[in-house]
Amino acid sequence: MLSLRGIVKRYGKVTAVDGLSLELRRGEVFGLLGPNGAGKTTTLSIAVGLIGPDAGEAVLIAADGSEIGRATEAKVRARIGVCPQGDALYENLTARENLVFFATVHGMPKAERRARADELLEMVGLHERADHKVGGYSGGMRRRLNLAASLVHRPELVLLDEPTAGVDPHSRSAIYQIVDELRVGGTTVVYTTHSMDEAQRLCDRVAIIDHGRVLAVDTVDGLIDRHGGHAVVTVTRSDGDVRTETEQPLAVLAGVDLQSPDVLGVRIDRPDLESVFLSLTGRSLRD
Ligand SMILES: Nc1ncnc2c1ncn2[C@@H]1O[C@H](COP(=O)(O)OP(=O)(O)OP(=O)(O)O)[C@@H](O)[C@H]1O
Ligand SMILES: [Mg+2]
C-alpha cells in the first residue's frame, strides 16, 4: 500500500528520520511506536507528502502492485488522509461547517458535502453537537472531529497521529470502534500511540522506531516472542519477594509450597508489548 524507502530527514544537526524503510500492506492496521522524539510524526508527515524527505522516497502502491506515485504528488495525496498530532480545526466554525469546508478543499461536489458531513458526524458520535462551534468542544470531541476530518474524502490510507492523546475512556473507546470500522471497510490505517495496550488491541503489525530508525517490525505476538524476554514468577514470602525469570512459569509455580504459611502470594507476569518496547528502546528518559 505504501512503501517508505530509505527516508532521511534532518533539521539542522538533528536527524529526525535516519534511513527508515517500511512496507505497509493494504488493509492492515499498522502501529508506529517509539519514544518522544523517535521520528514518528516526521515519518507520517513525509508519508502524506506534507514535507519532502532529504533522501529516500514514499511511494503509494496500487492493489496490483504497480506504483501510483510519490506522496508529494496531488493524485497520491487525494488518496491519503491524515489526522495530525495537534488538532487542525476551525474554532469559529461548527463541526458540520468544518467538515463541509474540508470536503470543499478536497473538491467534493457541493451536493455531496453535507451528506458526507452527516455520515461522519454520526460515525464519530457528534451528530447531536454538530451545530455547536468547535471553540466550545472538549478534548475528546475535538479528537473525534479531527479524525472525521481526515476521512472526508474516503482515503484508502489514513495516518492517525496519536488519535487518543488526552481523551477520556469514552472517546477512546469510540475511536477504537472507528478504527475497527475502517479495518472492516478495507481502509489501511497507520496508527501512532504511546499506549502499548492500545497498539496490542488494534494493530495487525507494529514497528518500533527510535532515533529515526526501525528497530523491529512484526505482529505483536511475533515481537513478544522475539524480544519480550521470559515470564517472571514472583512469590511474595513473609521475608520478601522472590522473582524467577522462566520460560515455564507454571512449572516454577508447581514447585512453590502454596500451603506454607510463609507464602503470602504468587504472580505470573508474562512479557507484553511494553516489555518489548523497553527492551528495544532502553529505559533512559528522553528529555
Ligand atoms: N520542525 C522541526 N524543526 C526542528 N526539529 C524538529 C522539527 N520537527 C521535529 N523535529 C525534531 O525531530 C525529532 C523527531 O521528532 P518527531 O516529532 O517526528 O518525533 P515523534 O516520534 O513524533 O515524537 P512524539 O512522540 O513526542 O510526538 C525530534 O528530535 C524533534 O525535536
Ligand atoms: Mg509525534
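**A walk from the ligand to a buried strand**

Of the elements around ligand 1, helix H1 contributes the most to the shell, with three residues. This is a predicted model, so let us take it step by step, starting at the ligand.

The residues that surround ligand 1 are Tyr11, Val14, Ala16, Gly34, Asn36, Gly37, Ala38, Gly39, Lys40, Thr41, Thr42 and Gln85. Two elements, strand S2 (14-24) and helix H1 (40-47), each give two or more residues to this shell.

Now turn to strand S8, residues 188-192. Five of its five residues are buried, so the rest of the structure largely encloses this strand. In a regular strand, side chains alternate between the two faces of the sheet. Here, S8 is covered on both faces: Thr188, Val190 and Thr192 are buried on one side, and Val189 and Tyr191 are buried on the other.

Which strands pair with S8? One is strand S3 (residues 29-33), which pairs with S8 in the parallel sense over four bridges; within this pairing, Phe30 stands opposite Val190. Another is strand S7 (residues 157-161), which runs parallel to S8 and is joined to it by five bridges. Here Leu159 has Val190 of S8 as its bridge partner. To get from S7 to S8, the chain passes through helix H6 (residues 169-184), making a right-handed β-α-β crossover.

Finally, step back to view the chain as a whole. Its domain assignment gives domain 1 (28-48 + 70-224) and domain 2 (230-270). The C-alpha centres of domain 1 and domain 2 are 43 Å apart.

Methods. Residues numbered from 1 in each chain as written. Chains lettered and ligands numbered in written order. Predicted model: local features only at pLDDT ≥ 70, side-chain atom pairs only at ≥ 80, totals over all residues. Near = placed C-beta within 6 Å. Domains from an automatic or database assignment. Buried ≥ 20, exposed ≤ 12 C-beta atoms within 10 Å, placed from the backbone. Pairing = 2+ DSSP bridges. Right-handed = clockwise from strand over helix to strand, strands pointing away.
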